[in-house]
Amino acid sequence: MSGGYNEIHPEPTTFWSTYIISFDHKVIAKQFLWYGIFFLGLGGIMALLIRWTLAYPGVPVPVLGSLLFSDSGGVVPPDTYSMLFTMHGTIMIFYAITPILIGAFGNYCIPLQIGARDMAFPMLNMLSFWFAFLSGLVLIISLCLPLGAAAGGWTSYPTLSTLIGSPGAGQTLWCVAIFLFGVSSTMGAVNYVTTVITLRAPGMGYFDMPLTIWGLWLTAILNAIFVPVLGAGVLLLILDRVMGTTFFLAGASATSGSGDPVLFQHVFWIFGHPEVYILILPAWGIVSDLLSFFSRKPAFGAKATALAMTSVSILSTLVYGHHMFTTQMSPLLTQSFMTLTMTISIPSAIFFANWLGTIWKGSIRFDSPMLFSLGVVFVFGLGGLTGLHLGTVTTDLYLHDTYFVVGHFHYTMAASVLLGGFAGIYFWFPKMFGKMMNETMAKIHFWGTMIPLNGIFFGMLMVGYGGMHRRIYNPFVYESLQRLIPINSMITTSAILMGAFQIVFVINFLWSLKNGAKAVSNPWNVGTLEWTIPSPPVHHNYDEIPVVKCGPHELGNPNLKNGRDFQYQTEELVEA
Amino acid sequence: MNRNQLQNNLAMTVTLIMGSMLFATLFLGYAVYRSSALMWPPLGIQKVSLVLPFLSTLVILASSWFMYQGRLKLENGNLTKAMVDVNLALALGSIFMIGQCYLWFYLKSTGIFLTTSGIFGSILYGFTWIHAFHMIFGILSLVYLRFAIKRNNSNILQTTVNVEKFWHFLGVVWIVMFLTIFVL
């Protein structure tokens, strides 16, 4: 089934067709990258505003305060605070992580790493970006409305998100933006699934694909199945808000049959739990590959890692109820969901052990992509372990809706995915732009991110365990929480530090784009297909479609005689 | 099967899975509302007469049938006859849409309103609207297919197979909708 129909598209000639409505997967990947980095900055600033408010309630925000909140003398007002955490979550999940991990790396790596000339449907790919763009535009417009943007949490539970809880148009635009983003995601998913199945280079079986592709492929499958569920949910929410239906409104009139607010929670989490794996799977894949590449060893149990990621994807569809233990679910259901949730630790432990097995006794090179990958191993380990407390009904009832939850999901979704994303950017930047990034600045960026990051999120675990609730404007009106003020200022200081060190990244990124050393075709000495071609690749990627003869992680083979410690996937496996 | 066909079939399959999940979510909602309601239809609301929805079901079934016939004839290379069938499928699809508009007026005339009839009205209007919205895409793709057959595009059969699958999907969704929200 592989090889054959993989035509060369004519090279675009005008500025418009080269950079704006480009059908080229490499250009679309870069568009998604810029888009994601922009929103990452926006979401990050919101996070800092939230943190400032929590550490120093009632104190004007320096610099930004007088610009944004002049009416309240620079203090973040309570309603704006709700808006900030809502939009922070929404932006980070849908507009920063998704475009960078899935949009940028998905588009860039899938065709290159499987030896294809482009995606299966280049035009759909282009539309996918522009739908995402439109969606981002709607979201930004909603920030400028007189009543403000959505403020019902990123989960948008009714009744907070119905007209009773959020009277402004912000919430409606939020729904519209999410729906448009869903359209964009599903378009991408159709493309990714089809491309991986049909356009693999001749000789490349599924287990010869790099694990990055496994992660992205599983993500695309989950996206295709579960994003429409959220689509249906927000569609009904839009109908409730705009047309006056009562899908999620209860108690209007018992006799005429009332809607059900909790139904939205079910629908949201049927989507939402797979969504967290949608976000983390590409990072898992990238890390599984990079750990092997920079330990100069074959990935330990690569097949088992791929299968473990597949089992996690399947199990992730069956556990959503653990987000809703406190919604008066029957104990039989909560226990079933708890058991299923615990089952996820088995495949997770398998690939985690494989990661450790990969670096065990490797000749580790501490280049920046490796540092970030090791960072992922550390923070994902912590995130995974704290998940056990929340998946267990008895402890969850105590920890539900505290900062422990916030700490947990930031460790898994934010920290792991952020570090994984940075690892990917540092790793593929030479291929993408043909320039090397500055390694010293990259290392400063790593330590400047990694240390404060743990200060922030471990601090959150602590204050959450101490009983501090999420989403409260000023938790310290409760006397029992006042003892947590020092830890909260520590978290905020760490957050500001971490934010400051991101400037190093931005400077490095922009500086290297212009002045970076010219990248050779294979700067990291690894054997996957994208490194067999020049950096940056030509428009049609491969002059000749490569023929794959061995797996992606053939490093450190003692039988290699040609002075290299790795071999390309296009070379016959060297045996004794 | 060549690679182009495989790609098209896969993409259409994924698209139909997405559509199924969207409507499955709606039906999940219906099941929840229905099972938690004290009585159905809720007090003060009459059951909708089945005449119009039943006729709509017949129309959409016939439309699917002609689409299927059209594809068979196209496989045998008979473009002119295939065109007749596609036209008929398109006409019946449009009649179905007119029927839906009539249904909404009819519901209003029997006192079932969108905003004041609680969840019953919400389901009737909301679900049929979402289905009708997808029907518009179906009809547009049929119109496109008509012109593609007329111009005898190169991979016309593949296009027809894709449109046919989507058209049958819309028919199946309507039948499930007819059985659940109207008959039951």
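User: Is B:His134 buried or exposed?
Analyst: This is a predicted model, in which local features need pLDDT of at least 70 and side-chain atom pairs count only at pLDDT 80 or more, while totals for chains, interfaces and linings use all residues. Residues are numbered from 1 along each chain as its sequence is written, chains are lettered from A and ligands numbered from 1 in the order in which they are written, and side-chain values use heavy atoms, with hydrogens and water left out. B:His134 has a relative accessible area of 19%, and the classes are buried under 20%, exposed over 50% and partly exposed in between (1.4 Å probe, protein chains only). B:His134 is therefore buried.

User: Which helix holds B:His134, and which backbone oxygen lies 2.9 Å from a polar atom of its side chain?
Analyst: B:His134 is placed in helix H4 (residues 118–151) of chain B; helices (H or I, at least four residues) are DSSP runs numbered from the N terminus. The oxygen that lies 2.9 Å from a polar atom of the B:His134 side chain is the backbone oxygen of B:Ile130.

User: Which residues does B:His134 touch, not counting residues up to four places away in sequence?
Analyst: Contact is taken as heavy atoms within 4.5 Å. With residues up to four places away in sequence left out, B:His134 touches B:Leu22, B:Phe23, B:Phe166 and B:Leu170.

User: What is the N to O distance of the salt bridge between B:Glu75 and B:Arg71?
Analyst: A salt bridge is a side-chain nitrogen of Lys or Arg within 4 Å of a carboxyl oxygen of Asp or Glu. B:Glu75 and B:Arg71 both belong to helix H2 (residues 51–75) of chain B, four residues apart, about one turn of the helix. B:Glu75 is partly exposed at 43% relative accessible area, whereas B:Arg71 is buried at 18%. Their side chains meet in a salt bridge at 3.2 Å.

User: How many residues apart in sequence are the parts that B:Arg71 and B:Glu164 tie together?
Analyst: B:Arg71 also forms a salt bridge with B:Glu164, with the closest N and O atoms 2.6 Å apart. Both residues, B:Arg71 and B:Glu164, are buried. Because B:Arg71 lies in helix H2 of chain B and B:Glu164 in helix H5 (residues 156–183) of chain B, the pair ties together parts whose separation in sequence is 93 residues.

User: Which residue forms a salt bridge with A:Lys443?
Analyst: A:Lys443 is partly exposed at 30% relative accessibility, and A:Glu439 is partly exposed at 24%. The two residues lie in helix H15 (residues 439–465) of chain A, four residues apart, about one turn of the helix. With the closest N and O atoms 3.7 Å apart, the salt-bridge partner of A:Lys443 is A:Glu439.

User: How many salt bridges does the structure hold over all chains, and how many are counted between chain A and chain B?
Analyst: Chain A includes a network of salt bridges that links A:Arg296, A:Arg365 and A:Asp565. Over all chains, the structure holds nine salt bridges. Between chain A and chain B, the count is zero.

User: What area is buried between chain A and chain B?
Analyst: In the interface, 39 residues of chain A are in contact with 33 residues of chain B. Buried area is the accessible area (1.4 Å probe) that two parts lose on being put together, summed over both. Carbon and sulfur atoms give 75% of the area buried between chain A and chain B, which is about 3,000 Å².

User: Which helix supplies the largest share of the side of chain A that touches chain B?
Analyst: Helix H6 (170–198), helix H7 (211–243) and helix H8 (261–295) of chain A each supply at least two residues of the side that touches chain B. The largest share, 11 residues, comes from H7(A).

User: Where does the cis peptide bond from B:Trp40 to B:Pro41 place its proline, and what is omega?
Analyst: Most peptide bonds are trans. B:Pro41 is found in the loop between helix H1 (3–36) and H2 of chain B. The bond from B:Trp40 to B:Pro41 is cis, and its omega is near -5°.

User: What is phi of A:Ser156?
Analyst: Most residues other than glycine have a negative phi. A:Ser156 lies in the loop between helix H5 (122–143) and H6 of chain A, and at 1% relative accessibility it counts as buried. Its phi is positive, near 50°.

How values were computed. A polar contact is a pair of N or O atoms within 3.5 Å; within protein, one must be able to donate a hydrogen and the other to accept it, and residues adjacent in sequence count only if both atoms are side-chain atoms.
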